[in-house]
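Hi,

Here is the model I promised to pass on. Have a look at it first, then read my notes below.

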Protein chains: 2
Amino acid sequence: MQVVEKIQDLKHIINQLRQEGQSIGFVPTMGFLHEGHLSLVRAARRENDFVVVSIFVNPIQFGAGEDYEDYPRDLERDQHLASQAGCDLIFSPTVTEMYPAGYATYVEVEQLTDTLCGSHRPGHFRGVTTVVAKLFNLVMPHRVYFGQKDAQQALVLNKMVLDLNMDLQFQIQPTVREEDGLAMSSRNKYLDPKQRREAAVLFKSLQEAEKMIQSGEIKAGSVKHAMDELIRGGSDSEIEYVEIVDIQSLRPVETIQGQCLVALAVRFGKTRLIDNIIVEV
Amino acid sequence: MQVVEKIQDLKHIINQLRQEGQSIGFVPTMGFLHEGHLSLVRAARRENDFVVVSIFVNPIQFGAGEDYEDYPRDLERDQHLASQAGCDLIFSPTVTEMYPAGYATYVEVEQLTDTLCGSHRPGHFRGVTTVVAKLFNLVMPHRVYFGQKDAQQALVLNKMVLDLNMDLQFQIQPTVREEDGLAMSSRNKYLDPKQRREAAVLFKSLQEAEKMIQSGEIKAGSVKHAMDELIRGGSDSEIEYVEIVDIQSLRPVETIQGQCLVALAVRFGKTRLIDNIIVEV
């Protein structure tokens, strides 16, 4: 497995692969890899000749006061894990390599980004779409892989790909969970033992929502209220949002019908966790 | 020469060309082709195996009250001229093909776009960068061709290409002029005979600027004042801007040094004309 830091070196390798007609699978990450990331790498491995993983903690998707500086980094461990999962090349550029002095171009998806996480993290998705557009142009992948855990991110990026006519296939893989149901996330590392135990309540609240909806509850308000109670009762946390939205528009629904996303963002101390499930009525 | 309206058909042809290893030259236009466009097509013809010209009057780069509806269109004539100049394929999509219902993604270059034409046409360059990003993704060109007449547009698009790591070569070709010096433009068609005669003063004012600077004048204010007087004296027109800016940053300079762009936008009735020259001290 190669590790490449320079854009020029990456371009050279990608052009070679493209000329040889090899298919390229790409998994963009911010590193500190866990089983969620690795499931994406394995999917890319199964479906492509060559697998690229990018590891880049993207400063422009963090707001002021967010955890950019503290975000966990361990490139050596990441290399080992990515290689084992079938990665052929890690691209881990510096910030200056991606955003040289005078950098000025941004990609923005409207509408889908002003709800859920977007309304609580202004500029976040603009940073995500910009860096991913750059990475897609650099890696020139045939297929790209994202996790369902970051549901809004996946929908926003898929919209960008369609709107900008990018020539690639977009694959979303299921959320990978710990034994107690907590969605895998690099940020789980921040949790102290009590928070870690209590964080299991997030998935429990999603399961409760699913149960209620399967039992015939169609009032979004009732389901959200029950989730709220469960999370507040079972943890010392602060709810940022608990929401049920249409899976296409991400607009909140009053009555649950068709495919909906049940999504939440909850803070345990300074640690912000998100999770979601798709329900269908 | 083929004429293609559907994205799916274009993609099919481009993928074929790419697989065969053919180089693609691309000239994006809004149609109503003149010698300026055709010089770009000929340059593309010389340097590439396959030449694509797009003809699309892009609604999102026109502001409210601008000439989107009235913009001259003549696809039949354009086909004839493009074919003669060496074009292999015209891509002329409908508005719905480019911006289907629910379209929501925009590409924006900051800084370079808030001066000159950008400050007088809010949203204009955002519309240009968005449509051109889409067209680049669709046509997958090796080389793209733009005219010096739209200097700011060329600089903004080149910045987008560099910032977003698009894998293509950016070529800027000299402005093509009528015999009396008026820069070729599809909008010249709007001018009545008196306006058309008077419009020659624009290039005369640029030549006067060049002469003054070559003679040692380095105060931008003096040069702009002389240009202003010449244009007002020689025509019944309204100056939008007459400006001397740094060629890199497009920021106005007080003292002319290094490479500068002398640029102007002037209205003859409802017709807005632009022109520029590069000077070097």
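Buried area is the accessible area (1.4 Å probe) that two parts lose on being put together, summed over both. Chain A and chain B bury about 2,400 Å² between them, with 44% of it on carbon and sulfur atoms. On the chain A side, A:Thr105, A:Leu164 and A:Asn165 supply 24% of the area buried against chain B, more than any other three residues.

Before going on, some housekeeping. This is a predicted model, where local features need pLDDT of at least 70 and side-chain atom pairs count only at pLDDT 80 or more, while totals for chains, interfaces and linings use all residues. Residues are numbered from 1 along each chain as its sequence is written, chains are lettered from A in the order in which they are written, and side-chain values use heavy atoms, with hydrogens and water left out.

**The interface**

Counting contact as heavy atoms within 4.5 Å, 26 residues from chain A meet 26 residues from chain B. There are two salt bridges between the chains (a side-chain nitrogen of Lys or Arg within 4 Å of a carboxyl oxygen of Asp or Glu). One of them joins A:Glu110 to B:Arg126, whose closest N and O atoms are 2.8 Å apart. On the chain A side, H1, strand S5 (105-109), H6 and helix H7 (151-163) each give two or more residues. Helices (H or I, at least four residues) and strands (E, at least two) are DSSP runs, numbered from the N terminus.

**The empty spaces**

Rolling a probe the size of a water molecule over the atoms shows where empty space is left. On a 1 Å grid over the protein atoms alone, a cavity is a set of points where a 1.4 Å probe fits but cannot get out, and a pocket is an open set with protein on both sides within 12 Å along at least five of seven lines; lining residues have an atom within 4 Å of a point.

How many cavities of 30 Å³ or more are there? The count is three. The second largest cavity holds about 40 Å³, and its lining includes A:Val107 as well as Asn137 of both chains, A:Asn137 and B:Asn137. Helix H6 (124-139) of chain A and helix H6 (124-139) of chain B each supply at least two of the lining residues.

The second largest pocket has about 970 Å³ of space. Its lining has 27 residues, and A:Arg18, A:Met140, B:Arg18, B:Met140 and B:Asp167 lie nearest the centre. H1(A) gives the most to this lining, with four residues.

Cheers

Conventions. Grid points are joined across faces, edges and corners, and a volume is the space filled by probe spheres set on the points.
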